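Good morning, and thank you for coming. Please look at the structure on the screen while I describe a sheet and the surroundings of a ligand.

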Amino acid sequence: MRTALVLGTGLIGTSAALALSARGVEVHLRDRDPERVRTAVALGAGTGEEPAPGSPVDLAIVAVPPAHLAATVADVQRAGLARGVIDVGSVKGGPRRELLERGGDLTTYLGSHPMSGREQSGPLAASADLFEGRPWVLTPTQGTDTEVLNLALELIALCGAVPVVMDADAHDRAVALVSHTPQLLSTLVAARLEEAAETDVRLCGQGIRDVTRIAGSDPAMWVDILSANPGPVADILAAVATDLDAAVRALRELESADEAKRSSGTAGVAELLRRGNAGRARVPGKHGQAPTAYETVTVLISDRPGQLARIFADAGSVGVNIEDVRIEHATGQQAGRMQLMVEPGAVPVLEQALRERGWSLRQ
Ligand SMILES: NC(=O)c1ccc[n+]([C@@H]2O[C@H](COP(=O)([O-])OP(=O)(O)OC[C@H]3O[C@@H](n4cnc5c(N)ncnc54)[C@H](O)[C@@H]3O)[C@@H](O)[C@H]2O)c1
Ligand SMILES: O=C(O)C(=O)C[C@]1(C(=O)O)C=C[C@@H](O)C=C1
């Protein structure tokens with residue numbers, strides 16, 4: 001990738017622009033707020049000048065709030081500003097459907113989501129290493145151009161992140177669990193402090209600081225995110241509400257004078273705490289650490305348009321997430337070997353699905 005255009009020079013757009021600029025890509029910056037472009041330019045994220053007329057950039061990266069993603073992607077496509085366009089929004093299904101309704105081109109567009117961010121907004125919160133070692137979800141479809149997919153993989157590599165391929169709606173259900181519900185629960189805990197006595201708040205220690213960090217996030221951004229993914233988040237919150245009811249019941253039992261009730265209360269609380277430990281143990285390693293050891297499935301892939309998108313869609317159709325990808329190009333041949341990294345348990349399912357769909361597997 002030689003040139004890029006970043007639309008929305010806030011936290012995410014400026015972070016990506018800083019990483020690309022540091023690796024020699026010529027980055028053009030745009031924002032509806034010119035002050036934000038000036039700040040990003042001053043930080044070394046790129047130039048505020050428009051790309052030369054008639055010379056589209058290699059990749060446009062749309063990093064505006066979720067409610068404006070589809071309109072911005074459609075504008076970029078209509079103006080012919082880039083060979084490929086990706087967005088980095090926190091929700092994937094709705095914006096893609098909206099882009100289709102707006103007459104956008106789904107072949108040169110690819111939905112993506114870097115699983116890394118902060119509770120602060122704007123270019124001053126950005127950093128070039130924000131995405132290092134973090135998953136970056138791609139949601140290609142059968143129709144996604146191979147060129148756009150390759151540009152997105154290059155962007156992710158230049159940002160030091162790890163590509164994860166998923167279906168858009170499966171992504172939205174997953175982030176409801178690991179991002180959107182945690183945001184709301186952090187907010188709800190912090191909201192208890194609004195009317196609390198100063199003498200109580202003064203005692204805040206590290207525990208509540210950890211739990212409420214993301215409650216400081218931009219409300220307008222989160223109204224957009226939750227409005228674009230309400231059903232999956234409501235489903236998980238309803239399950240949390242059942243657990244909350246159980247916690248309240250167990251605690252009330254602990255208040256009782258009856259010994260049998262107290263011991264049932266102890267068992268109830270202990271079970272909730274045990275489940276919390278078990279869930280916490282599944283949270284992958286911290287920033288920069290590989291979360292899991294993956295296994296590799298190697299596939300022979302011909303150098304024809306649509307091949308990469310097809311293989312990702314075939315993996316997605318049997319529910320397999322591709323956690324990382326490497327392509328070895330065979331010199332002088334119109335083919336290459338593609339290594340798909342997946343969870344060890346997914347290897348047999350993926351191999352069978354790929355064979356059934358006519359792919360040629362290699363050792
Ligand atoms: N904040 C996070 O942790 C995080 C993480 C991953 C992905 N995202 C996604 O990335 C996108 C950007 O989030 P952010 O945290 O960088 O927000 P931000 O508020 O820091 O930046 C958004 C920028 O977009 C600009 N903007 C708004 N509407 C615009 C328009 N129509 N045209 C051009 N510019 C416009 C704003 O002026 C602002 O500078 C969102 O879609 C969000 O869902 C956020
Ligand atoms: O660490 C944080 O501040 C974040 O909340 C980042 C976080 C997340 O939930 O993981 C928030 C929303 C984005 O869509 C992606 C990342």
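Let me begin with terms: helices (H or I, at least four residues) and strands (E, at least two) are DSSP runs, numbered from the N terminus, and two strands pair if DSSP finds at least two bridges between them. This is a predicted model, in which local features need pLDDT of at least 70, side-chain atom pairs count only at pLDDT 80 or more, and totals for chains, interfaces and linings use all residues. Residues are numbered from 1 along each chain as its sequence is written, while chains are lettered from A and ligands numbered from 1 in the order in which they are written.

The sheet is open and has seven strands, in the order 2-1-3-4-5-6-7, with mixed pairing. At its edges are strand 2 (26-30) and strand 7 (162-165), each pairing on one side only.

Within the sheet, strand 4 (residues 82-87) pairs with strand 5 (residues 109-114) in the parallel sense, over three bridges. Here Val85 stands opposite Tyr109 of strand 5.

Turning to ligand 1, 30 residues surround it (a residue counts if its C-beta atom, placed from the backbone, lies within 6 Å). The closest are Gly8, Gly10, Ser90, Gly117 and Ser121. Which helix gives the most to this shell? Helix 1 does, with three residues. Because domain 1 (3-166) and domain 2 (172-281) both give residues to the shell, ligand 1 lies between them; the domain bounds come from an automatic or database domain assignment.
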